[in-house]
Amino acid sequence: MSTLDLAATMDAFADAAKAILLNVYAYPAGKIEAPAIVVGYPKSIDFDATFKSGSDRAEFPIYYVVGRVDDKAARDALSVVIQGADSIKAVFDGDLNGAVHTCRVPDCQVTEYTNSGIQYLGAVFTAEVYS
């Protein structure tokens, strides 16, 4: 049995992200309004990450979407996001208000995010969770 509560963890990421931005989505919504933060689903969940059924591990992609990929203003906004990555990391590092045992953000990558047929520019932060 997994100790990871997927819905509670994704909601906790969204709640924490509201300290950064107003447009926050706790899952990949059908339509977003940029700038926005979107919590993605983990690609895999590692059971028994510590000892025998001690903890589960998952990596959640957290997308910080700034604007349309073909807009110079989006590039400029992304530059600000990357310069402020330490403060974004600080919002997610910890226990997400008790939703998980621990969470840390080890990296960030520039990415394109497609939603409703629109290509957006953004950064994806990897959030490593132990439950």
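Analyst: Start at the surface, where Leu6, Tyr27 and Tyr41 make up a nonpolar patch. A patch takes residues with over 30% relative accessible area and no salt bridge; nonpolar side chains (Val, Leu, Ile, Met, Phe, Trp, Tyr) are joined within 5 Å, like charges within 9 Å. A salt bridge is a side-chain nitrogen of Lys or Arg within 4 Å of a carboxyl oxygen of Asp or Glu. Areas follow the Shrake-Rupley method with a 1.4 Å probe, and for residues only the protein chains shown count as cover.

This is a predicted model: local features need pLDDT of at least 70, side-chain atom pairs count only at pLDDT 80 or more, and totals for chains, interfaces and linings use all residues. Numbering runs from 1 along each chain as its sequence is written, and side-chain values use heavy atoms, without hydrogens and water.

Leucine 6 is partly exposed at 32% relative accessibility (buried is under 20%, exposed over 50%, partly exposed in between). Leucine 6 sits in helix H1 (helices, H or I, have at least four residues and strands, E, at least two, as DSSP runs numbered from the N terminus).

Now the rings. The structure has 3 aromatic pairs (ring centres of Phe, Tyr or Trp, its six-membered ring, within 6.5 Å; planes under 30 degrees apart are stacked, over 60 edge-to-face, the rest tilted). Phenylalanine 13 and phenylalanine 92 have ring centres 5.6 Å apart and planes at 65 degrees, so they are edge-to-face. Phenylalanine 13 belongs to helix H1 and phenylalanine 92 to helix H3, 79 residues apart. Phenylalanine 13 is buried at 0%. Phenylalanine 92 is buried at 1%. Ring pairs join Phe13, Phe60 and Phe92 into a cluster.

Note on methods:
Buried < 20%, exposed > 50% of the residue type's maximum accessible area, 1.4 Å probe, protein only.
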